[in-house]
Every structure is written in C-alpha cells, then in structure tokens.
Number of protein chains: 2
Amino acid sequence: MKPTEEIIRRLSNYRRVLYKLKSLGFIKVFSDNLGDALGISPTQVRKDFSLFKITGKKKGGYEVEVILERLNTILGKDVIQNVIVVGCGKMGSALMNYNGFASEGMRVVAGFDADPSLVDPEARIPIYGLEDLSKISQQFDVKVAIMTVPESRAPQLIDSLNEAGIKGILNFAPIELKSRNDCLIHNISILLELENMIYFVNNLDDKIVI
Amino acid sequence: MKPTEEIIRRLSNYRRVLYKLKSLGFIKVFSDNLGDALGISPTQVRKDFSLFKITGKKKGGYEVEVILERLNTILGKDVIQNVIVVGCGKMGSALMNYNGFASEGMRVVAGFDADPSLVDPEARIPIYGLEDLSKISQQFDVKVAIMTVPESRAPQLIDSLNEAGIKGILNFAPIELKSRNDCLIHNISILLELENMIYFVNNLDDKIVI
C-alpha cells in the first residue's frame, strides 16, 4: 500500500504530538494516547505505523524517541529542505520572512518576481527575476515552491516552475489548480475558506459539519 | 439534508466557474459543463443545486445569471461581510492589506494585537488592543476572525474571540484547533502543507494521491 496524503498528514500530526509529549517527559506512548490526541482509533495509529515499519512492543507501547527519529527521517526533517517563494508582494514577503520555517527544517532560499522593482539579489533572502528560476532552483536543489502571484499569472507559471525542476507547488492564488503527473499542487485559498466559514456562521441552524 | 462544508465549497467553485463563463458570453449552462469544470459528475451538480432549490429546464439547462444570483445570496455575497484579523505581525498585516477581499464582498474592519507598539487606531485599517475585541466586533457586527498569532497564544484566544461574538475562526497558527459547538474553526497550516508536499516530492515513486 502506498501512503496517501491523508496518512502523511497524520504522520505530521503524530510528530507534533510526540514532541509535546517528549517535552512533558514521556518516554513511552501507546497507540491509544496518539489516537485520542488525533481523534482517531488506536487501530488506525498502529496501521499507519506498520505501513512505515514503525514497531512497538505488545504491552510496552512505542518508544517516543524511536518513533520521532523514524518520523523525522520519513518527513525529510534530517536534511534542510530548500524552498522558494514566487511572487514577492505583501503575502509573498510575509511568507519569505516567516519565522516558523527554520524550526521545521525548511529554508526559503530565494524569492522571485516579474516586477523588476522588487528584484534585489543582495537582500538577506535575495529576490530574482523569473528568468533566474532554473539557475537558482538547481543551485539550491529546490523542489518545492510557494506561489503567491495574482490569479491570472498562476496557471502559466506552473510550466516555468516545472522546467526549473519544481515538483511541488503550494498555491495561494485564489484559483484551484489541479496537480499534474509531474507536479503536485496544493491550493490554499483564503477566500474560499472565509466564504465557507461565512456561510456556516450566517446559517447557524445548519449543522456544522467538520 | 443539511449542507456540508464540502457542498458549500462546491457552491463557491460553481460560482467562480460561472463568472468565468459569463465573461465569455455564456447565457445558459448545463450540469455537464459545470461537472466537467469541477471534475465531478453532472448528477452531483444537479443534486447540489436542488438542495438549494436552484432549478433548470430539462433540455435548456440553467440560466447563468439566475444561478449566480442565487449562489451570491446563499454565500452571503449580497451584503459586505466584515472580518477582523487577530495578530498583526507580518502575516497578519499582509492579510489585512490583501486586495482580494473587496471583490469577494469581504472587508477587514480592524486588526488586533497584544503588543501595544502595534496598536494604531488611526491607521487606514485600525489596530486595537485585545481588550477592544468585543466592542469593535459588536460595532461592526463581525462574526468571523482571521487568527495569525503564535502557536502558544492560539488556544486561549478562542475564548476571548467567542465572548466577542465571533462564530468562525480561520486559524493560521501551526496548531490544529478543533471546532467547537459555538465556534467553527478552519485551520490553514502552511507548515503542514509544505511538509506533506516535501514528503511526496522526495518520494516520487510513491503514488501522488490528490
């Protein structure tokens, strides 16, 4: 069985919970504990772990340190993952300077923008023109891009990113882009999320389905 | 049947596609067209529409203008939806100044921050201290908040937001918060999305599941 996005998402969540438990002094943990924390069944936890050959002892549970090490390797936390930001407007520059990346083993190595007035190769995190996408991406072995460009620019940019060796795009433009065989795309649509929330908030008699 | 989040998400997507079709001169549209555009079956489209009493003609399809008007009403686009941003750091201020809200009938009326040095009630979009949450939220009839605060601050803020009359929170802190009966929470975790993408990009032999 190949892992799905949902399984990988759960691994991320196990990892977060485990770090919290570790900071509380936990040495062992049971599938019941992790199941409770994530709101899923202990069977699901054991299934997920066994898919990645993470094993525990029948009565002794799992060793926190051991699973964490495995999860870090699986999720690529053992090396720094270089990322680029394409589109350096307000949102793009906020993301470029987001402090949360470092502690998660991610690093924004460069920004890119079509607007020459934003280009600044001397900045702490340099900003280049789009013509440098391939060069820089290859130089830093970048495979993942955060795309914060206007809706109209987003679709055509995918080809350029792909040519530059990018295999995964986190798309912030308010347009639902579909993954392709050669490129995984996740869409984060703030507008869509708000619109959805506004509907339920305005229709509180409708059951809130999570 | 009560609409689920998934159905409301599809309504948002129908609406976006319909505006594009309208700009291309379309007057009528068939459930097949919308199904193709969203990658779902025409039966699903008709089911969604009939749930909201949107009807078409057997052979004539749906009138673009008529559905759009209905969808706008359902999604609350006929009135401006006031929103607040809680946490005015880099990400928060980027969101406060995001241009995309206006065209979607949303307006950020205020920001809030615990840091007094960020408070500025005279700004174009004023920033207040957290003690003003209730007053301002009630003044502008705000029910939805965008929360861009550090992970450690997020959980306890929910109570204050709830007391201020907020019924929906879009959470950007990298912590998965669960919806409560009195408050719908959507989590947007940029770190989790990137982590997930990095896994699949580093394991391209694993099937990419969308």
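How far apart do the C-alpha centres of domain 1 and domain 2 of chain A lie?

**View 1. Two domains of chain A.** This is a predicted model. Chain A is divided into domain 1, residues 5-74, and domain 2, residues 81-192. The C-alpha centres of domain 1 and domain 2 of chain A lie 32 Å apart.

**View 2. An open sheet in chain A.** Six strands of chain A build this open sheet. Read across, their order is E5-E4-E3-E6-E7-E8, and the pairing is parallel. Strand E5 (127-128) and strand E8 (184-187) of chain A are the edge strands. Each of these edge strands pairs on one side only. Strands of a sheet pair through backbone hydrogen bonds.

**View 3. Strands E4 and E5 of chain A.** Strand E4 of chain A covers residues 106-112. E4(A) pairs with E5(A) in the parallel sense, over 2 bridges. Look for A:Phe112: its bridge partner in E5(A) is A:Tyr128.

**View 4. Helix H8 across the strands of chain A.** Helix H8 of chain A spans residues 154-163. H8 lies across strands E3 (81-86), E6 (144-147), E7 (168-171) and E8 of chain A. H8 runs at about 160 degrees to E6(A).

View 5. Most residues other than glycine have a negative phi. A:Asp141 is not a glycine, yet its phi is positive, about 50 degrees. A:Asp141 sits in the loop between helix H7 (133-139) and E6 of chain A. B:Asp141 also has a positive phi of about 50 degrees. B:Asp141 lies in the loop between helix H7 (133-139) and strand E6 (144-147) of chain B. Is Asp141 buried or exposed in chains A and B? A:Asp141 has 53% relative accessibility, so A:Asp141 counts as exposed. B:Asp141 is exposed too, with a relative accessible area of 54%.

Conventions
Residues numbered from 1 in each chain as written. Chains lettered and ligands numbered in written order. Predicted model: local features only at pLDDT ≥ 70, side-chain atom pairs only at ≥ 80, totals over all residues. Heavy atoms only, no water. Domains from an automatic or database assignment. Pairing = 2+ DSSP bridges. Helix = DSSP H or I, 4+ residues; strand = E, 2+ residues; numbered from the N terminus. Contact = heavy atoms within 4.5 Å. Axes fitted to C-alpha atoms, helices over the stretch in contact; angles between N-to-C directions. Buried < 20%, exposed > 50% of the residue type's maximum accessible area, 1.4 Å probe, protein only.
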